[in-house]
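Trainee: I'm new to this one. Can you walk me through it?
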Amino acid sequence: MVHYTLPILNNFKKKQKNKSTALIILKNNRGMQVALTNYGARIVSIIVPDKNGVSTDVVLGFNSIDKYFAADEIYHGATIGRYGNRISNGRFILNYTAYSIAPNNGCNALHGGKTGFHSQIWDRRLNNPNQVTFYYVSPDGEEGFPGTLNTSVSYLLTDNNEIEISYQATTDKDTIINLTNHAYFNLDGEGKGDVLDHIVELKSDHYIPINDQQIPTGQISTVADTPFDFRKAKVIVKDIFKKDTQLESGGGGYDHTFVIMPNLCDGKQVVATAYSNKSGIKLEVLTTEPGIQFYTGNALTGKDIGKTGAHYFKQHAFCFETQHFPDSPNHPNFPSTHLKANETYKSQTTYRFDVIK
């Protein structure tokens, strides 16, 4: 039995921007499969067994490249850059020089601007049957960012049902960088409705409050006695509909950066967990990043129709986006996203899947 439709290779072959799009499928020896495309260096599907041994696709997405091009939600599964999350008014100062990114989210710049990494066709190299690396050269001045940035993103599928994502970048001029992945997860299975009954735990004592434009206020606030306390596992629905100005600012749910406990940011310890009682599927996240954006898909409109013909409505998925903090260049108290010329940016995140029977 299966609860998925495996994407068809030919549906992802297309010439665009003088480059060819493609679908790459990684497999391990436990029956897990990960499909990716070089359009946006993105995850198309993640197929894992549920508690009954039924293969289940746990990522929202589409079964053809044309549907990705036409999608209402343009970030499904994509690598996000140069700067994940928001930059206030698209402006920042680096080395006493002002830079401007064209706004694409109200008055702010979101996820690298209008033609961010999600919209690029990356070069690729299939390292072996369970690893692929994508490459993109972002020219100096692209979307207003300084420096030519050489970026690679590697996906490795291990036999422990882990997807290890390794980011690396170098620049010839000082710049800012904040890379992440924007996979939308539903552990009941893609197209199976909302995720409000998912159980989430976050190793975080603090979160980043935002204003009504979803820009950080500059504060780093305790989660204690707020709807943002996930230090003990709880169902998402427990607090998401409480009257709270921060939940309202997040679009009627969670869309906030949680500050990971500093001693856990080594890529070897679990910093976030989500679990579905229905499927028994558990997702664990390990990362070297200082924050994780927990997003409950509040902006999904229902316009997108996914792989199995289901409409993707509000809160039909969640994201665990490991990253530095939003708008960091404009907040000196936040961890720096400054990448100096000829230095190397490295970041790693692991999505690990398991089953609780």
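Mentor: We'll take salt bridges, then a residue in a loop. This is a predicted model, where local features need pLDDT of at least 70, side-chain atom pairs count only at pLDDT 80 or more, and totals for chains, interfaces and linings use all residues. Residues are numbered from 1 along each chain as its sequence is written, and side-chain values use heavy atoms, with hydrogens and water left out.

Trainee: How many salt bridges does the structure hold?
Mentor: There are 15. A salt bridge here is a side-chain nitrogen of Lys or Arg within 4 Å of a carboxyl oxygen of Asp or Glu.

Trainee: What does Lys-278 pair with?
Mentor: Asp-197, with the closest N and O atoms 3.5 Å apart. The pair links distant parts of the chain, 81 residues apart.

Trainee: Is Lys-278 buried or exposed?
Mentor: Exposed, at 56% relative accessible area. Asp-197 is partly exposed, at 29%. Buried means under 20%, exposed over 50%, partly exposed in between (1.4 Å probe, protein chains only).

Trainee: Which residues are linked in a network of salt bridges?
Mentor: Glu-162, Lys-282, Glu-284 and Arg-352. Within it, Lys-282 and Glu-284 meet at 3.4 Å, N to O. Both of those are buried.

Trainee: New topic. How buried is Thr-296?
Mentor: Its relative accessible area is 1%. Thr-296 touches Ile-236, Tyr-254 and Phe-318, among others, not counting residues up to four places away in sequence. Contact means heavy atoms within 4.5 Å.

Notes
Helices (H or I, at least four residues) and strands (E, at least two) are DSSP runs, numbered from the N terminus.
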